[in-house]
Amino acid sequence: MDYVLNITDYYFFTPYVYPSTWPEDDIFRQTISLLIVSNLGAFVLYFFCATLSYYFIFDHSLMKHPQFLKNQVSREIKFTVQSMPYISIPTVALFLLEVKGYSKLYDDIEFPHGWLHLIVSVISFIFFTDMLIYWIHRGLHHKLVYKHIHKPHHMWKIPTPFASHAFHPLDGFLQSLPYHIYPFLFPLHKLVYLGLYIFVNIWTISIHDGDFRVPRIFRPFINGSAHHTDHHLFFDYNYGQYFTLWDRIGGSFKNPSSFEGKGPLSYVKNVSEQKCSNPSENGYRNDKLSNGELTKKE
Ligand SMILES: [Zn+2]
Ligand SMILES: [Zn+2]
């Protein structure tokens with residue numbers, strides 16, 4: 001974050017916002033700047049990517065699903081907007097430690113070993129965070145914790161891209177913790193860290209985008225929107241972030257219902273086809289709901 005802080009200080013904060021006598025490395029000034037920058041960055045990234053995903057990727061027929069809530073999109077956005085500033089407070093505390101030099105972030109790359117290390121660090125960051133998020137997420141489903149912290153994110157049974165960051169503040173922070181822990185334990189290039197941080201936020205949006213297609217070759221490994229939507233519907237399965245690895249090790253893997261032709265999109269399609277052939281009949285919906293095929297009780 002010191003890159004971001006240096007750039008914003010140079011072009012914005014020093015000439016236009018703070019008195020020139022206030023040193024750039026003063027901790028109060030850095031705290032205020034980091035709070036502004038991280039909130040602005042998070043909101044811009046969320047609204048830009050989730051809006052694109054909502055209009056160009058999300059299948060809007062999912063909104064006809066009986067478990068899609070009334071005014072759901074605006075409720076997801078409202079929840080996110082209320083939570084994000086709170087999530088940024090502990091996050092900025094960690095950014096401050098990093099800016100003050102307590103992390104293992106570095107900014108010089110030597111050829112060739114530096115580049116080799118950089119590639120290895122990207123892979124290790126993704127596997128490290130995937131493992132920790134799995135266990136943190138699984139812990140959040142423990143009955144003593146779930147209803148206090150994680151339940152709001154499961155309010156959306158058929159999530160849209162705007163649900164991607166709609167968390168209780170503590171939930172949002174805990175699930176982002178692995179990304180912040182990594183550079184305190186392992187060396188990581190500053191720009192790679194920034195890039196990966198943006199990438200994980202986009203990935204989080206992508207697993208809520210209602211596009212259940214995954215190339216067949218990747219289906220056994222990648223945790224996509226089909227897997228995560230089943231997590232929203234059935235709770236105890238598919239806790240993962242990028243890969244299905246830890247769900248398979250932890251015994252919580254479930255082949256997505258969408259891959260078996262029983263997902264929410266097939267359901268909506270079947271209902272509308274049935275309505276077309278017999279407009280007075282809506283028994284399909286009621287039968288399926290009462291049989292518990294659509295979802296699972298918490
Ligand atoms: Zn969950
Ligand atoms: Zn989710």
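## How α2 sits on α7

Helix α2 (residues 27-56) packs on α7 at an angle of about 40 degrees, and their axes are 10 Å apart. Helices here are DSSP runs of H or I with at least four residues, strands are runs of E with at least two, and both are numbered from the N terminus. Axes are lines fitted to C-alpha atoms (for helices, over the stretch in contact), with angles running from 0 to 180 degrees between N-to-C directions. This is a predicted model, in which local features need pLDDT of at least 70 and side-chain atom pairs count only at pLDDT 80 or more, while totals for chains, interfaces and linings use all residues. Residues are numbered from 1 along each chain as its sequence is written, with chains lettered from A and ligands numbered from 1 in the order in which they are written.

The crossing of α2 and α7 is right-handed; that label applies when the near helix is turned clockwise from the far one by less than a right angle, and left-handed is the anticlockwise case. On the α2 side you'll find Leu-45, Cys-49, Ala-50 and Ser-53, and they meet Ile-198, Asn-201, Ile-202 and Ile-205 of α7. Sorted by class, the α2-α7 contact has 6 nonpolar, 2 polar and no charged residues. In that sorting, Ala, Val, Leu, Ile, Met, Phe, Trp, Tyr, Cys and Pro are nonpolar, Asp, Glu, Lys and Arg are charged, and the others, Gly among them, are polar.

## α4 on α7

Helix α7 (residues 190-206) also packs with α4 (residues 113-140), again at about 40 degrees, with the axes 11 Å apart. This crossing is right-handed. Leu-118, Ser-121, Val-122, Phe-125 and Thr-129 come from α4, and Val-192, Leu-196 and Val-200 come from α7. The class count for this contact is 6 nonpolar, 2 polar and no charged residues.

## The chain as a whole

Stepping back, the chain has 11 helices and 2 strands, running α-α-α-β-α-α-α-β-α-α-α-α-α along the sequence. Its C-alpha atoms fill a box of roughly 75 × 40 × 40 Å along the principal axes. Of the 298 residues, 32% count as buried, meaning 20 or more other C-beta atoms within 10 Å of a residue's own; 12 or fewer makes it exposed, anything in between partly exposed, and the C-beta atoms are placed from the backbone. Among contacts with a separation of 6 or more, 71% join residues 24 or more positions apart.

## What UniProt says

An unreviewed UniProt entry lists "transmembrane region" at residues 32-58, 79-97 and 117-137. UniProt positions are in the numbering used here, feature names are shortened, and annotations may be inferred rather than shown by experiment. In the model, residues 79-97 are 100% helix, with end C-alpha atoms 29 Å apart. Residues 117-137 are 100% helix too, and their end C-alpha atoms lie 29 Å apart.

The unreviewed entry also places "domain: Fatty acid hydroxylase" at residues 123-251. That span is 55% helix and 2% strand, and its end C-alpha atoms lie 24 Å apart.

## A covered helix

Helix α8 (residues 225-234) is mostly covered, with 9 of its 10 residues buried. The buried set includes His-227, His-228, His-231 and His-232, along with Asp-230. Its buried residues pack against α7 and α10 (264-277).

Most residues other than glycine have a negative phi. Phe-235 is partly exposed because 17 other C-beta atoms lie within 10 Å.

## Nonpolar cores

A nonpolar core is a set of buried Ala, Val, Leu, Ile, Met, Phe, Trp, Tyr and Cys residues joined through C-beta atoms within 7 Å. The largest one has 14 residues, and Ala-50, Trp-156, Phe-162, Ala-163 and Ala-166 touch the most other members. Setting aside neighbours within four places in sequence, Ala-166 is in contact with Glu-76, Phe-79, Thr-80, His-153 and Trp-156. Apart from that core lies another, of 8 residues, including Tyr-179, Tyr-182, Leu-196 and Val-200.

Asn-71 sits in the loop between α2 and α3 (72-99). Its phi is positive, about 55 degrees, although it is not a glycine.

Ser-74 is in helix α3, and it counts as exposed because it has 10 C-beta neighbours inside 10 Å. Ser-74 and Val-268 are 194 residues apart in sequence and 22 Å apart in space, C-alpha to C-alpha.

Methods:
Contact = placed C-beta atoms within 7 Å.
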